[in-house]
Amino acid sequence: MNAITWLLWALVLVLAISVTRNPFYLSLAALAVATVWIAVDTARPLGRQAPRLPLLAAGFLLPWSTAVNALLAHIGDRVLFRLPAWPVIGGPITLNAALYGLLTGIALTTALAGTTLLHAVIDRHQALRAIPPNQRVLATTLAIALNALPAFATAARDAVEASRLRGLALPRWRQLQIVVTAILYRGIDYSLATAEVLETRSFAARHRARPATQASSLAMLLASFAVIGGSLAGKPSLALVGVAGLSLGSALIVHSTWRNLRTIGWSVATGAAASLLLAASTLLVLSLRDSAADLAYSPYPALHWPGFSPLAGLAFLLLASPALFLRGSAR
């Protein structure tokens, strides 16, 4: 699988998670990401192991999100207990708020696991080829970010190994402090070096953008506002106009980068994976108009059993499709 397919997978994953707090669909999304994570860690198509950061983040995000939402959102019909009239956190602690916080933590952890997994599967050169030629700043920013993440991971790994070699039996919070300090130090050093290189190459010099580039960026921005506004206002016609604008803008971007995209390998397995991901996004869009899918599930104000639609469930299950083609892509 090439970089374009992996970016498409991450985009569909984040969009799918962002539109629902239904525990059934979030569980399917988490299961799909776990399946892809295990497949990547086993196959290692680029020789890199799957990042362990989501496993550590889950132990923090899940209890933190649950506790914070339970303490701040005093809404719901299932009251667990009541706190005294303290500022901000005082009042009833409800099961509804705790459940919503837990679902939000699951969504954040799943999105984090999917996006950090890109480090192990994306070919950086392929990702840079997919950027339109007129997006000079975006290409430079992406290149800096792709080079910075491995440097930060190396800094954290070196800090942990140095502590072990010295035989330091430190508590977890102390080890975390050492790792964070090492990452910050490496980040400052990397930032200064990058700034000097960009200044030497006159990156800060003004470049006049072409009118066509400015018009296309403005059109994409207006189309995004139309989609969001139409969805919030309950006007499908406005949202449809925005979707059409985004589709046209995406087609123009693909046309401008087609010369570079043709140099990226597109095997049968890659095409099949991309087709399944596009099918998942189509099913997800169709499920937005299905009230039985209950994508807008909320435990407020009364706790109730969430609905489920096989069509929407299939869309979330298709997020695991990259795991089926990793062996072929690794070859």
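Reader: What is the relative accessible area of Phe24?
Author: Keep in mind that this is a predicted model, where local features need pLDDT of at least 70, side-chain atom pairs count only at pLDDT 80 or more, and totals for chains, interfaces and linings use all residues. Residues are numbered from 1 along each chain as its sequence is written, and side-chain values use heavy atoms, with hydrogens and water left out. Phe24 is found in helix H2; helices (H or I, at least four residues) and strands (E, at least two) are DSSP runs, numbered from the N terminus. Phe24 counts as partly exposed, which means between buried (under 20% relative accessible area) and exposed (over 50%), using a 1.4 Å probe and protein chains only, and its value is 29%.

Reader: How do H1 and H2 run relative to each other?
Author: Helix H1 (residues 3-18) packs on H2 with the axes 10 Å apart and an angle of about 155 degrees. Axes here are lines fitted to C-alpha atoms, for helices over the stretch in contact, with angles from 0 to 180 degrees between N-to-C directions. Under 35 degrees counts as roughly parallel, over 145 as roughly antiparallel, 65 to 115 as roughly perpendicular and the rest as oblique. So H1 and H2 come out roughly antiparallel.

Reader: How many nonpolar residues make the contact of H1 with H2?
Author: H1 brings Trp6, Trp9, Leu13 and Ile17, while H2 brings Leu26, Ala29, Val33, Val36 and Val40. Nonpolar covers Ala, Val, Leu, Ile, Met, Phe, Trp, Tyr, Cys and Pro; Asp, Glu, Lys and Arg are charged, and the others, Gly among them, are polar. That leaves no polar residues and no charged ones, and the nonpolar count is nine.

Reader: Which hand does the crossing of H3 and H4 have?
Author: The axes of H3 and H4 come within 7 Å and cross at roughly 155 degrees, so these two are roughly antiparallel. Their contact holds 15 nonpolar, eight polar and no charged residues. A crossing is left-handed if the near helix is turned anticlockwise from the far one by less than a right angle, and right-handed if clockwise. H3 passes H4 in a crossing that is right-handed.

Reader: What do the buried residues of H3 pack against?
Author: H3 (residues 53-72) has buried residues including Pro54, Leu61 and Asn69. These buried residues pack against strand E2 (91-94) and helix H4 (95-116).

Reader: What is the phi of Arg44, roughly?
Author: Arg44 sits in the loop between helix H2 (23-43) and H3, and at 35% relative accessibility it counts as partly exposed. Though not a glycine, Arg44 has a positive phi, of about 50 degrees.

Reader: Which residue forms a cis peptide bond with Tyr300?
Author: Check the loop between helix H12 (268-288) and helix H13 (310-317). Omega is about -10 degrees for the cis bond, and the partner of Tyr300 is Pro301.

Notes. Contact = heavy atoms within 4.5 Å.
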